Amino acid sequence: MAIAPAIFGHNFEGSIMVKDDLINKLVIIAINGIAAGSYRDVELAKQFCKLDLSDLADFWPTLTNPTKLMIIEAHQEEFLKWAKSND
Amino acid sequence: MISLFKSFAKNNGDAKANYIALSGLSVAFRTFDNGPLIAELFKTDVISDVLFGNRSLYSLTQYGELLSLSFAYAKKNGIDLSVKPGFKQWIALNANRLNTDLTAGRYKNYWEHPDSDYIAMIEAGLISGASNPEDLFRSRFSKYGTSYRLGVFHSQLLKSVANKVPKLIVEQIEDINFYSSAGYGIRAEIYGAIAETGYLTKKAARKIRSDASEEAASNGIRTIADNIHKFPNANEVLSQVMDTKYFAPAKYLAETVPRELLPFMVCCQDQKVREIIVARMQESDK
């Protein structure tokens with residue numbers, strides 16, 4: 001089941017929720033909150049951003065821009081390698 | 001679908017993963033739009049997994065706040081926590097805390113700040129049956145003395161007691177000595193607490209509307225308007241409070257009551273309120 005694009009509500013009605021999906025939503029809410037400028041738990045968010053890109057790819061639409069930037073920063077080498085390979 | 005939680009736990013350990021889930025729950029509770037998500041968390045018992053999982057990294061104060069938010073949400077939405085995994089055990093463990101604290105003389109002063117899990121503690125005492133709501137009401141609220149405000153703890157205790165024994169509170173409001181026995185600030189709290197439960201008689205609603213204090217009447221009427229979906233006799237209750245003489249609650253009612261009830265408010269004395277009513281009625285005619 002695809003995760004709802006708007007994480008802060010509205011798209012939950014009518015969909016069959018499985019436990020993993022709900023916990024994923026909580027995790028994304030927390031990470032988006034930290035990336036939005038919280039001075040606390042930044043190290044934890046950085047560790048989260050180091051997860052494999054293949055794991056994070058499915059959730060890309062639900063991440064906020066600051067979170068996406070943190071992920072790109074954590075995977076800079078991979079992104080640069082990929083960019084150069086497309087020359 | 002990959003589980004981000006499991007992937008993160010695999011690399012960084014259960015404690016950190018659950019810390020993130022607890023942080024997400026905290027944000028979800030505080031964000032207005034997340035009502036449907038919270039409802040799903042309770043329905044699927046995911047909230048129990050998160051709240052009662054590994055919480056070794058989460059601060060005790062923040063954890064207490066989360067428990068309080070969970071119990072308050074369950075009370076407001078009629079969720080029975082005594083059968084929910086995790087909550088059931090927590091309630092059994094903390095059933096006597098309310099009695100012990102009160103017997104020890106805590107919260108005598110209105111400025112005494114309670115522990116962060118105080119809503120959960122009050123609810124645990126009442127849900128488990130270890131504390132009797134009628135005894136609590138009689139011992140803590142029947143004689144108000146000269147105080148005009150309730151502290152944070154007593155304000156919540158009153159709401160929880162009202163939720164358990166609304167009839168007792170309504171009888172109190174209907175009592176002829178009620179005005180003289182309670183200050184306006186306390187009357188405002190009592191009206192708010194009873195209106196939140198969705199139980200009011202015609203007589204009690206009329207008494208709220210006729211209160212000599214604007215603060216008390218306003219708080220009661222606004223809370224009735226906000227919780228009108230909970231009243232089985234909604235039209236009856238609204239008809240009793242709609243001719244209030246105070247501007248603020250009259251304006252609030254004019255803006256929020258269902259359109260079919262607006263004609264009842266046309267007799268309102270304030271020109272501005274009448275203008276809102278007429279504008280809404282004309283809008284519904286289109």
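Predicted model: local features only at pLDDT ≥ 70, side-chain atom pairs only at ≥ 80, totals over all residues.
**Entry 1**

I then looked up helix H15 (residues 214–226) of chain B and helix H17 (residues 247–256) of chain B, whose axes come within 9 Å and cross at roughly 10 degrees. Angles under 35 degrees count as roughly parallel, and H15(B) and H17(B) are therefore roughly parallel to each other. On the side of H15(B), I listed Ala217(B), Ser218(B), Ile221(B), Arg222(B) and Ala225(B) as the residues making the contact. H17(B) contributes Ala248(B), Pro249(B), Tyr252(B), Leu253(B) and Thr256(B). Sorted by class, this contact has 7 nonpolar, 2 polar and 1 charged residues.

**Entry 2. Helices H6 and H8 of chain B**

I next examined helix H6 (residues 87–94) and helix H8 (residues 118–128), both of chain B. Their axes come within 9 Å and cross at roughly 90 degrees. An angle of 65 to 115 degrees counts as roughly perpendicular, so I recorded H6(B) and H8(B) as roughly perpendicular to each other. From H6(B), I noted Trp90(B), Ile91(B), Ala92(B) and Asn94(B). They meet Met121(B), Ala124(B), Ile127(B) and Ser128(B) in H8(B). The contact of H6(B) with H8(B) has 6 nonpolar and 2 polar residues, and no charged residues.

**Entry 3. Helices H1 and H4 of chain A**

I turned to chain A and looked up H1(A) together with helix H4 (residues 65–74). I found that the two axes come within 8 Å and cross at roughly 85 degrees. H1(A) and H4(A) are therefore roughly perpendicular to each other. In H1(A), the residues I noted are Ile31(A), Asn32(A) and Ala35(A), which meet Pro66(A), Thr67(A) and Met70(A) in H4(A).

**Entry 4. Where chain A touches chain B**

How many residues does the contact take from chain A and from chain B? I found 26 residues from chain A and 28 residues from chain B. On the side of chain A that touches chain B, helix H1 (19–35) and helix H2 (42–49) each supply at least two residues. Which helix gives the most to this side of chain A? H1(A) does, with 12 residues.

Key:
Residues numbered from 1 in each chain as written. Chains lettered and ligands numbered in written order. Contact = placed C-beta atoms within 7 Å. Helix = DSSP H or I, 4+ residues; strand = E, 2+ residues; numbered from the N terminus. Axes fitted to C-alpha atoms, helices over the stretch in contact; angles between N-to-C directions. Parallel < 35°, antiparallel > 145°, perpendicular 65-115°, else oblique. Nonpolar A, V, L, I, M, F, W, Y, C, P; charged D, E, K, R; others polar.
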